[in-house]
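Dear colleague,

I am passing on a structure that you have not worked with before, and I have set out below what was found in it. Please read the notes with the sequence and the coordinates open beside you.

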Amino acid sequence: MDINKVSEDEMRIWNMWKGSFKRIFGRVVKELSEHTGLSEGDFGILDRLVQFGEGKLRQQELADSMNWDKSRLSHHLTRMEKRGLVIRCPLEADRGVQVIITSAGKAALDEALPIVSMAIRKYFLDQLTDQDIESITKLAERTKGDPSLR
């Protein structure tokens, strides 16, 4: 077997997996956007601020957690600041910037969480068997620690 090529069957399963993920993820994001006005990025930022930083994170830590470059995050945060969802404050100890969720941002996240949860359940979790969950869990655990996937 040539490791530099994939068979037709391998390409078919790759495309099926990508398509399934895109459809499911797209439906979840559509529900989020239609019901709350938040984008996927807005939700990701607000959720990480609460989950990883108890409402605040250094901008670089937030960028790393989103797998975004600094410029992309900075532009997105500027739009979120204009909408009153977050504020940015320079850190006194170094040249870093802290991103803080506002009360409006927390209220938007609180409104979005049940909508996202219901959409994940409807479009993903309810479609899975126990065996599917076991297989997906094994794949995620195996690839999570793979440095070539970072």
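Which helix gives the largest share of the nonpolar patch? Before the answer, please keep in mind that this is a predicted model. The patch lies on the surface and is formed by V6, M11, I13, W14, W17 and L139, which together have about 620 Å² of accessible area. Its largest share, 4 residues, comes from helix α1, which covers residues 8-36.

Helix α3 (residues 59-66) packs with helix α4 (residues 70-82) at an angle of about 110°, and their axes are 9 Å apart. Because angles from 65 to 115 degrees count as roughly perpendicular, α3 is described as roughly perpendicular to α4. Where the two helices meet, α3 contributes Q59, Q60, L62 and A63, while α4 contributes K70, L73, S74 and L77.

Finally, is D42 buried or exposed? This residue has its place in helix α2, residues 40-53, and its relative accessibility is 3%, so D42 counts as buried, given that the cut-off for buried is under 20%. If its neighbours within four places in sequence are left aside, D42 is in contact with G37, H76, M80 and R83.

With best wishes

Conventions. Residues are numbered from 1 along each chain as its sequence is written. This is a predicted model: local features need pLDDT of at least 70, side-chain atom pairs count only at pLDDT 80 or more; totals for chains, interfaces and linings use all residues. Side-chain values use heavy atoms; hydrogens and water are left out. Patches are made of residues with over 30% relative accessible area and no salt bridge: like charges are joined within 9 Å, nonpolar side chains (Val, Leu, Ile, Met, Phe, Trp, Tyr) within 5 Å. Accessible areas come from the Shrake-Rupley method with a 1.4 Å probe; for residues, only the protein chains shown count as cover. A salt bridge is a side-chain nitrogen of Lys or Arg within 4 Å of a carboxyl oxygen of Asp or Glu. Axes are lines fitted to C-alpha atoms, for helices over the stretch in contact, and angles run from 0 to 180 degrees between N-to-C directions. Angles under 35 degrees count as roughly parallel, over 145 as roughly antiparallel, 65 to 115 as roughly perpendicular and the rest as oblique. Contact means heavy atoms within 4.5 Å. Buried means under 20% relative accessible area, exposed over 50%, partly exposed in between (1.4 Å probe, protein chains only).
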